[in-house]
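This briefing covers a single protein chain.

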Amino acid sequence: SGGKRVREEEPEEDVGPATKKNPDEKENNVLIYIMKNKLSSGHFNHLKQLAVRNGFSVSNTFSDDFTHIVTAVLSHDRVESITQRSIPNDVEVVSTEWLTTSFIEGKLIQVTDR
């Protein structure tokens, strides 16, 4: 009596298996930037939380260091127009669905379309 009871937090939704932390896996070299354009604040924050929970690093600022730009804007040219920056060829511009599917698969899925 008088002791604190620890409440376990329930996950908001099932997004698939937890990502195993293995230093040799490609995910550890991944830095994701999530563009807020066309996303509600709630959806944006939820994606960021899920990305971190699944072991992905998320950049809060636009930089040259990230490997993936997650966006609801599905045009490479449009992303460059909005950010007013040139997107390097080795940076993948991917959809929010790609990110969600990666969570479900427990790993980064192959990017098939640019």
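**Helix α1 and the overall fold**

Within α1 of this predicted model, the residues Phe44, His46, Leu47, Leu50 and Ala51 are buried. These residues lie on the same side of α1, because the arc they cover around the axis is only 165°. The protein chain as a whole contains 3 helices and 4 strands, and 36% of its 114 residues count as buried.

**Geometry of α1**

- Helix α1 runs over residues 41–53, which makes 13 residues.
- From the first C-alpha of α1 to the last, the helix reaches 18 Å, close to the 18 Å expected at 1.5 Å a residue.
- After α1 comes glycine 55, which has a positive phi, near 90°.

- An α-helix has 3.6 residues a turn, so residues three or four places apart point the same way.

**Salt bridge**

- Searching the whole structure gives 1 salt bridge.
- The partners are arginine 85 and aspartate 64, with their closest N and O atoms 3.6 Å apart.
- Arginine 85 is in the loop between α2 (76–83) and β4 (92–95), while aspartate 64 is in the loop between β2 and β3 (68–71), so the pair ties together parts that are 21 residues apart in sequence.
- Arginine 85 has 35% relative accessibility and therefore counts as partly exposed.
- Aspartate 64 has 58% relative accessibility and therefore counts as exposed, the cut-off for that class being over 50%.

**Whole chain**

- In sequence order, the elements of the protein chain follow the pattern β-α-β-β-α-β-α.
- Taking contacts in the protein chain between residues at least 6 apart in sequence, 68% join residues at least 24 apart.
- The protein chain has an accessible surface of about 7,900 Å².
- Carbon and sulfur atoms account for 44% of that accessible surface.

Terms used
Residues numbered from 1 in each chain as written. Predicted model: local features only at pLDDT ≥ 70, side-chain atom pairs only at ≥ 80, totals over all residues. Heavy atoms only, no water. Helix = DSSP H or I, 4+ residues; strand = E, 2+ residues; numbered from the N terminus. Expected span 1.5 Å × (residues − 1). Buried < 20%, exposed > 50% of the residue type's maximum accessible area, 1.4 Å probe, protein only. Arc of directions from axis to C-beta. Salt bridge = Lys/Arg side-chain N within 4 Å of Asp/Glu carboxyl O. Contact = heavy atoms within 4.5 Å. Areas by Shrake-Rupley, 256 points an atom, 1.4 Å probe, with all protein chains shown as cover.
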